[in-house]
Amino acid sequence: MSASKQVEDAVFFTALNLTDLGQRKLFLDQACAGNPGLRAAVEDLLAAQGDAEHFIAKGRAALHLPTEAFASGMATGADEPTRLDEEIGTRVGRYKLLQRIGEGGCGVVYMAEQEEPVHRRVALKVIKLGMDTKSVIARFDAERQALALMDHPNIARVLDAGATEAGRPYFVMELVRGVRITEYCDQNHLDTRQRLELFIQACHAIQHAHHKGVVHRDIKPSNILVTMHDGVPVPKVIDFGIAKAIEGKLTEHTLFTAYEQLVGTPAYMSPEQAEMSGLDVDTRSDIYSLGVLLYELLTGRTPFDGKELMKSGLDQMRRTLREKEPQRPSNILTTLHGTELKATAEHRHAEAPKLISLLKGDLDWIVMKALEKDRARRYETANGLAMDVERYLLNEPVVARPPSRLYRFQKLVRRNKLVFASGAAVSLALVIGLGVSTVLFLKEKEAWREQARLREEAQRSQQRENELRLQAEAKEKINQAAIYVSQERFDEADQLLETIKTLPPKPSFDGVNAYRSVGEWLALQGRWREAANRFLPLMQIDRLDEWRVVTLDYQACGAVLAECGDRERYAQFCQTAVINYGATTNGDMAGRILKTCLLMPPGKDLMAQLRLMAEVADQYFAPIPEKDFPEWAVIHLSLWDYRQSNYGQAEAWGQRLAGRGKGTALEATARVIMAMSCYKSGQAEEARGELAQGRALIEGKFKAGLDHGNGADGFWFDWIFARLLLREADGLLGA
């Protein structure tokens, strides 16, 4: 297709979606300015579309049949034409159409009644007559697939899908009986806090969509409806009609956005969405649209007026969105006329001066961070935006605002009003008392001590606020890293985790999985020191998994620390492991930690600390019959005896593995320990034989390539254990 044809199609489809004829004419005046040929071609296409619809309507009137019936008869040549247009009262599949409740550029939405297997009211969306082109069907299917991915209380659910008798696809959704979020807030005179609480729920819904790999691309008030559940307002995100997959596809049909075709609503469109360049639109475009929605909830206006954008023409509109900085929410209120400002404040259950004061500061910072032109400077996730709003509601420092001493002190005062009020009252009383009597001198000293205490408390609060800020930033980055890991974008996840300065106090399964997955990815590339930097934080936050998973993480961490030769951090790691598990009575757990702490020759102090753990493991495994003895337990028992110079017993443990676990990491490790034990016992030839067998297994594995592995043949860190001990044996035997 030529470039001119692409431009012609883009202008046609955009104009077709504008149902208001005034807006359509205004758009064509601007888009086709200076190009009468393009204007004529687009108007011909629009006229042809109108003629087609008129022709179908005329045929229906002539035959006294529904539009569907006429079109079906023409298409199939049947003697008795069948219905093609859905009219109120007809059935589509299991659903009876009750009322037409909405219409877009390519689809019509009906309220329908389902009678079996359950009786309920639903919303049924079907492609409009004459719009069942390949591109429209693809977009329609993409919306259905996007909604089907979702499982969130604030997103309308897909219930069913199918095709009409004429073959036009439809899908059935949860019927949302609500009004757009801005109208609901204004009609009920919700104050700022109540509006923010609804907005937070909308952010969580968008975060869920992003986690499922879907960008909405058309977030605006009409696509976030508020409905009532048991008297509680609940926002519902709807209309994923122009949603975009982050990774992969939402549909098997070809879904292509025409060259230079605007996708979205201009007033809520991000700069990169309006630019229509090679820059891919990602989740941060939705963050911008959420920022516009928050702006409107707070002020009653969007940063840039939608009508003015349309009047300015396509090029000027894009330039405005890309380059012009919007006014802060508090500033835009000061530009309103008296009656407008009063009405806006009344809708928010506040007085005008108080409303302006309320928006100044944190809310201004939060909104403007979400509206950054450079998407790298916006919030990284919808959850990050929601968390900052929650911090505002809790009078905690927000990530969006650069911290200052005055700002932190103001936050401290707001959270400790009684303390500061009483301190101020005491100080005032002491100052007055000094002028009345010298007897109050002692009270003055007490006041100074109280002020010193408050200063110390302020310093501690400042430190705590810094910690909270870092923890909030860390949590947001870990959430984003978890999304990258789910998309197998490990390099980006690793770069993000590298920037975290402190860990959040409350770990999450996503955070644990992010550190574990990135650490393993680095280890399999042989980047041991970097892998250690991921596994060590995992030791601090892995408190959610059962001990079998946690101790596997300890083994992986010990392996990478020993492999990169970092003896100092390995020794610290062993001390931490002993502190956490030294008093355990679980034999399995004791054995795993014991083996991990014996990878490198331990000092006397560590050997003494490990003795109790070794006794627990020995008492647990020693009585087990040989036929039932777990093969992996041989390694830690044999290695413990070897480190104690009980070479005969170490060799005996290894013999129990002979003939079992062939070709595994366990066999390779056991043979290396047996080789060192034999050599120490004066059996040099036997030692070299065992070492040769162990070496063949280990070198064969690494030559084939190290991978994740499994519990049967050995995980990747089990093979690292074996290779570490092989190097120690080579040094001992002079191999």
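These legends describe close-up views of a predicted model.

**View 1. Six strands form an open sheet.**
The strand order is β1-β2-β3-β4-β6-β5, and the pairing is antiparallel. β1 (91-92) and β5 (158-163) stand at the edges with a single partner strand each, so one side of each has no neighbour in the sheet. Strands of a sheet pair through backbone hydrogen bonds, and the pairing can be parallel or antiparallel.

**View 2. Strand β4 pairs with strand β3.**
Strand β3 covers residues 107-114 and pairs with β4 in the antiparallel sense over eight bridges. A hairpin of five residues joins β3 to β4. Val108 has Val126 in β4 as its bridge partner. Is strand β4 mostly covered or mostly exposed? Strand β4 (residues 120-127) is mostly covered, with six of its eight residues buried.

**View 3. Strand β4 also pairs with strand β6.**
Strand β6 spans residues 169-174, runs antiparallel to β4 and is joined to β4 by five bridges. Leu124 has Val172 in β6 as its bridge partner. Lys125 stands opposite Phe171, which is also part of β6. In a regular strand the side chains alternate between the two faces of the sheet.

**View 4. Helix α15 is largely enclosed by the rest of the structure.**
The helix covers residues 362-370, and seven of its nine residues are buried, so the rest of the structure largely encloses α15. Which residues of α15 are buried? They are Asp362, Leu363, Asp364, Ile366, Val367, Met368 and Ala370.

**View 5. Two charged side chains lie over ring faces.**
Arg328 lies over the face of Trp365, 5.1 Å from the ring centre. Lys369 lies over the face of Tyr379, and here the distance to the ring centre is 5.3 Å.

**View 6. Asp553 is a buried residue of helix α23.**
Helix α23 runs over residues 547-563 and contains Asp553. The relative accessibility of Asp553 is 4%, and because buried means under 20%, Asp553 counts as buried. What does Asp553 contact, leaving aside its neighbours within four places in sequence? Its contacts are Arg516, Phe535, Leu538, Met539 and Asp542.

**View 7. Phe535 and Trp716 form a tilted aromatic pair.**
The model holds nine aromatic pairs. In the pair of Phe535 and Trp716, the rings are 6.1 Å apart centre to centre, with 40° between the planes. This pair links distant parts of the chain: Phe535 is in helix α22 (residues 528-541) and Trp716 is in helix α31 (residues 716-733), 181 residues apart. Phe535 counts as buried at 1% relative accessibility. Trp716 counts as buried as well, at 1% relative accessibility. Ring pairs link Phe535 and Trp716 with Phe715, Phe717 and Phe721 into a cluster. Phe535 is also one of the residues in contact with Asp553.

**View 8. Tyr642 and Tyr647 form a tilted aromatic pair.**
The ring centres of Tyr642 and Tyr647 are 5.6 Å apart, and the angle between the planes is 55°. Tyr642 has 7% relative accessibility and counts as buried. Tyr647 is buried too, with a relative accessible area of 17%.

How values were computed
Residues numbered from 1 in each chain as written. Predicted model: local features only at pLDDT ≥ 70, side-chain atom pairs only at ≥ 80, totals over all residues. Heavy atoms only, no water. Buried < 20%, exposed > 50% of the residue type's maximum accessible area, 1.4 Å probe, protein only. Helix = DSSP H or I, 4+ residues; strand = E, 2+ residues; numbered from the N terminus. Pairing = 2+ DSSP bridges. Contact = heavy atoms within 4.5 Å. Phe/Tyr/Trp six-rings, centres within 6.5 Å; stacked < 30°, edge-to-face > 60°. Lys NZ or Arg CZ within 6 Å of the ring centre and 35° of its normal.
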